[in-house]
Amino acid sequence: MITILAGGTGAAKFVRGLSEIVPPEEITIISNTGDDCVVWSLHVSPDLDTIMYLLAGLLDEERGWGVKGDTFTCLQAMKRYDEPTWFQLGDRDLATHIQRTKWLHEGLMLSEVTACLCRSLGVRARILPMSNDRVETRIYTPHGALSFQEFFVRERWSSEVTGVEFHGGQRALASPGVIEAIRESDGVVIAPSNPITSVGPILSVKGIRPALVDTPARVIAISPIVGGQAVSGPAGKLMEALGYKVSALGVTQIYRDFLDVLIIDEHDAALSPEIERLGVRVTVANTIMHDLAAKVDLAKTAMECLRTDWGRK
Ligand code: GDP
């Protein structure tokens, strides 16, 4: 069993490659829910859905979110009611949020709802929300706090950032199966996801970070920072705001208490000695997943990192 800690777009690219070489029944994904939001009274889980759609063969892989070929008729109609439409929900995508919200109102836990949605969509890998409790990523700016989606989508991450909080993280319990997956799997992979706002909320949940420190499984990560900047999105901006170097070294600083191996890009090979001085082994590879072959190659590299006999921790 391989366990992946995952955000949205970067993780989806990696899982796409992994699903070509590992049977889905052997993959568990622990998904960030810190950027879940309520749109038109519907519970939306953007990162869970990105991974679920990917594994169901429904993801719009060009865009990195939503259902491929989706239409936006409802969104257009909502404009007539002066409802906010900056968070784009496609018509087919809406069915997922309606069904999730219905089941949550009927008393199911988010993890149970996710399992039901996955079953209906034919997803055979296991997708676990990090917690059934609400953890809310808040981005602090000089003009007040924003939810992650307000910062990321509505403001297009242009606001100055003064802090980040995972509200509720300390009290939240890991959802059923999460701690066991980390403790009992053959390897744990931190996907190339935003270390602050995609992996950060997962690490904030009670018990998850200690489980990563204690697990007998090897823990590896793929750096989402290449050549001093994020491949996409605000990871670099957020790392800088919180005082980390925007580099694979900064990624190492964030994960160093539990990380065994970091896969860094060929462009960053010169950083290897500094990273290894922090007690983390380094593998250098092409980590830019521009096509399916590159995604599969990176997944193979990650699996080799889990197998290589460097001596277990
Ligand atoms: P967000 O877009 O910052 O909210 O973060 P996500 O966790 O959803 O996924 C985007 C992250 O994945 C960013 O930090 C990117 O730098 C990283 N990423 C996206 N594509 C690639 C890729 O092809 N290779 C690598 N190494 N990282 C990637």
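## Basis of the model

Because the model is predicted, local features are taken only at pLDDT of at least 70 and side-chain atom pairs only at pLDDT 80 or more, whereas totals for chains, interfaces and linings use all residues. Residues are numbered from 1 along each chain as its sequence is written, and side-chain values use heavy atoms, with hydrogens and water left out.

## Overall fold

The protein chain contains 13 helices and 14 strands, these being DSSP runs numbered from the N terminus, with helices (H or I) of at least four residues and strands (E) of at least two. The C-alpha trace spans about 60 × 45 × 40 Å along its principal axes. For 313 residues a compact globule would have a radius of gyration near 20 Å, and the 19 Å of the protein chain agrees with this; the radius is taken over C-alpha atoms, and the globule rule is 2.2 Å times the number of residues to the power 0.38.

Buried residues make up 55% of the 313 residues, where buried means under 20% relative accessible area, exposed over 50% and partly exposed in between, with a 1.4 Å probe and protein chains only. Among contacts (heavy atoms within 4.5 Å) between residues at least 6 apart in sequence, 69% join residues at least 24 apart.

## Helix α4

Helix α4 covers residues 91–105, and its 15 residues, at 1.5 Å a residue, should span 21 Å, in agreement with the 21 Å between its end C-alpha atoms; the expected span is 1.5 Å times one less than the number of residues. After this helix comes G107, with a positive phi near 105 degrees.

The buried residues of α4 are D93, L94, T96, H97, R100, T101 and W103. An α-helix has 3.6 residues a turn, so residues three or four places apart point the same way. The cover over the buried residues of α4 includes the strand β4 (42–44) and the helices α2 (46–55), α3 (73–79) and α5 (110–121).

## The loop between β3 and β4

In the loop between β3 (37–39) and β4 lies W40, which has a positive phi of about 50 degrees although it is not a glycine. S41 lies in the loop between β3 and β4 as well, and its phi, near 70 degrees, is likewise a positive value in a residue other than glycine.

In accessibility, W40 counts as buried because its relative accessibility is 16%, whereas S41, at 58%, counts as exposed.
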